[in-house]
Amino acid sequence: MGNISMVGEPLKNLPWQARPRGCHDVVWRHTGNPITQWNPVPKAARVFNSAVVPFRGAFAGVFRADHCNTGALLHAGRSRDGLKWTIEPEPIRWKDEDGRPFEPGYAYDPRVVRIGDVHYITWCTHFGGPAIGFGMTRDFKEFTRLENLTIPFNRNGVLFPRKVNGRYLLLNRPSDDGHTPFGDIYISESPDLVYWGRHRRVMTRSGSSWWQGLKIGPGPIPIETSEGWLLFYHGVCRTCSGYVYSMGAALLDLERPAKVLYRARGYLLTPEKDYETVGFVPNVVFPCATLQDAPSGRIAIYYGSADTYVAVAYTQLDELVAHIKSDSELLPGDAEDFR
């Protein structure tokens, strides 16, 4: 893997397939995609845009499940191999910090991060409009609802896996109540996961990369590497037939993650396969989670496809970092300092 390394533990049972013969892409798809299908549980028509983590020698996850009334809620799931999942038929039953039941009006696009011995969950919730909901679990059986991390309107809340300079960090994308305005990624700091401030803009949309010209949003939990925080994100463009969601990547400074070091000009993955181009919402590649084996540099990327399925892709850290650096283009608004 050369001199490039990532922080983390070995994951010997990481889902993995070697790059197919003749493929020269830095990211390649799992041949068994998609790993979820229509009507995965009786109450839900689709599961997609979901988050998975290693857990007690196997894997656990929090899944976006769009129910048959088209409302979205979160379901827990487990897997032995990270590919074949058993998803709970009932939504997560949240309790607040006083032990009282708490049911979100809707909940979608979760991310999950382990900090210490707690797994924290962020998602888009209803709070007089879309805002970033927040919760925790220690066993993926009991779930505690915590205070929302933002006021409306905000989406795509992604926590870092550790404190930086003594502060928790949250990537997020302020928005309005619709789907397109305010398309840049921001970062916020907190001493305690309750009070948030010192907001900075991290990355802007557009530039010469038309694929991310409408909006961008943070994807999986950032991965700490020797070259910076590796961030996968989604970029969106508008075409004659609607929106197209693709996946990009960037490297952020380790000590000051509001600073973009490198940002790949081109996308890493864009809708091409039928499970990405045809579905409830066509032409969507939406990354939400990664699993990685630190010693080997192997990374498995979980993404939602066509707002219908969960799919998996793979990459190798050293090749990916080299690609990001060689194809880098920073935009004028990247790492803008508001002080």
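How much space lies in the largest pocket? About 810 Å³. Before the details, a word on the basis. This is a predicted model, in which local features need pLDDT of at least 70 and side-chain atom pairs count only at pLDDT 80 or more, while totals for chains, interfaces and linings use all residues. Residues are numbered from 1 along each chain as its sequence is written, and side-chain values use heavy atoms, with hydrogens and water left out.

Back to the pockets. A pocket here is an open set of points on a 1 Å grid over the protein atoms alone, where a 1.4 Å probe fits, with protein on both sides within 12 Å along at least five of seven lines; lining residues have an atom within 4 Å of a point. A volume is the space filled by probe spheres set on the points, which are joined across faces, edges and corners.

The largest pocket has 30 lining residues, and nearest its centre lie Gly8, Glu9, Pro54, Arg114 and Gln292. By class, 18 are nonpolar, six polar and six charged. Nonpolar means Ala, Val, Leu, Ile, Met, Phe, Trp, Tyr, Cys and Pro; charged means Asp, Glu, Lys and Arg; the others, Gly among them, are polar. Strands β2 (44-55), β7 (107-115), β16 (223-225) and β20 (285-293) each supply at least two lining residues. Strands are DSSP runs of E, at least two residues, numbered from the N terminus.

The second largest pocket holds about 400 Å³. Asp109, His179, Lys215, Tyr245 and Asp307 are nearest its centre, out of 22 lining residues. Strand β18 gives the most to this lining, with three residues.

Now to β7 and its neighbour. β7 and β8 run antiparallel, joined by seven bridges; strands count as paired if DSSP finds at least two bridges between them. Arginine 111 stands opposite threonine 122 in β8. The two strands form a hairpin with two residues between them, and glycine 116 in the turn has a positive phi of about 70 degrees.

Why is β8 (residues 118-126) largely enclosed by the rest of the structure? Because eight of its nine residues are buried, meaning under 20% relative accessible area with a 1.4 Å probe, protein chains only. β8 also runs antiparallel to β9 (residues 130-137), with eight bridges. Cysteine 124 has isoleucine 132 in β9 as its bridge partner. That hairpin has three residues between the strands, and glycine 128 takes a positive phi near 70 degrees.

Last, a sheet. Four strands form an open antiparallel sheet in the order β11-β12-β13-β14. Its edge strands, β11 (154-159) and β14 (197-203), each pair on one side only.

Notes. Buried means under 20% relative accessible area, exposed over 50%, partly exposed in between (1.4 Å probe, protein chains only).
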